[in-house]
Amino acid sequence: MKLDPKGSYFMPVSVPQRPLKVGVFEDVWMLSTSYRTDTDVLAALLPFPFEPGDAPLVTVHYAQCLKVKFLAGGGYNLIGVDLATVFNGRQDQLTGNYALVMWENLMDPVMRGRELLGVPKLFADVPDPSRSGDDWRVYASENDRVLLEMEIQNARPRREAFVNQLNADQANQAMMGWKYIPNIDGVGAALSQPTLIGRQTQFSQAWKGEGRIGYGNDLTWETNPANVDIVEALKTLVVREYLGATITHGSLTITRALNRVLQ
């Protein structure tokens, strides 16, 4: 066979993928908690030319994604950590969030997000949210050890004006990542480029509460070789001040035509 230079392939390349130009997530529950950390530590985790934003903010976010188009109506869960950033490139200057790490509980979206979008996705156990009244808890784990957890307490519903402001804020915040594929000998990069992900959210309901996050404490190289160093790096993002937490319900689309390499 001869590979079509305009075809749509993931590995294995011998079997072309169905071309899916738009990823539609019809039913999404999102939980997020933001906090202030130290500027120098945050800057150390941002590849050039990303820079810290006006405030050194970290956002831990979780999503329960239901009715996903590219999964034939199926779903999956994710939890990740974003850093507030400014991309100060030769041509592009954008304000938004840099995806530092993301764990998901299904391989298909892990593969697509890494190879196509440059989102640093890893596989882990990410259960559905547990809820007791107005209190919610979510987490990711590997080999029965917690990697990252978040609790939101006293989540109370908010009115339409609050929801509208969240939608406006999301529209003005770019989601960015870095696509990195190492050389076959593991030294240097075969491909290394900053990316803009064409994500569009539409919230219909929102709740606000008090959030708390925690990074895993009992990981070792022997128990979690793929994640222990990542979690140790996350621990350097010390919580200096919590800035609130939200829960939202709505929809999400990721459009390939809006994805691009940043310059």
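These legends go with a set of views of one predicted protein model.

Local features here need pLDDT of at least 70 and side-chain atom pairs count only at pLDDT 80 or more, while totals for chains, interfaces and linings use all residues. Residues are numbered from 1 along each chain as its sequence is written, and side-chain values use heavy atoms, with hydrogens and water left out.

**View 1. The whole chain, before we zoom in.** The protein chain folds into four helices and 14 strands; these are DSSP runs numbered from the N terminus, with helices being H or I of at least four residues and strands E of at least two. Its C-alpha trace spans about 60 × 40 × 35 Å along the principal axes. Of the 263 residues, 44% count as buried, meaning under 20% relative accessible area, with exposed over 50% and partly exposed in between (1.4 Å probe, protein chains only). Take contacts (heavy atoms within 4.5 Å) between residues at least 6 apart in sequence: 67% of them join residues at least 24 apart.

**View 2. Helix α2 and its cover.** Helix α2 takes in residues 107-117. Its buried residues are Pro 109, Val 110, Met 111, Arg 112, Gly 113 and Leu 117. What covers them includes strands β4 (76-88), β5 (93-104), β6 (121-123), β11 (189-197) and β13 (241-255).

View 3. Which helix holds Asp 108? Asp 108 is found in α2, and it counts as partly exposed because its relative accessibility is 24%. Its side chain makes a polar contact with the side chain of Arg 112, at 2.9 Å. (A polar contact is a pair of N or O atoms within 3.5 Å; within protein, one must be able to donate a hydrogen and the other to accept it, and residues adjacent in sequence count only if both atoms are side-chain atoms.) An α-helix has 3.6 residues a turn, so residues three or four places apart point the same way. Leaving aside neighbours within four places in sequence, Asp 108 is in contact with Phe 70 and Leu 71. As for Arg 156, it sits 48 residues from Asp 108 in sequence and 34 Å away in space, C-alpha to C-alpha.

**View 4. Thr 201 in strand β12.** Thr 201 is part of β12, residues 199-215. Is Thr 201 buried or exposed? Thr 201 counts as buried because its relative accessibility is 15%. Not counting residues up to four places away in sequence, Thr 201 touches Met 30, Asn 167, Gln 170, Ser 251 and Leu 252.
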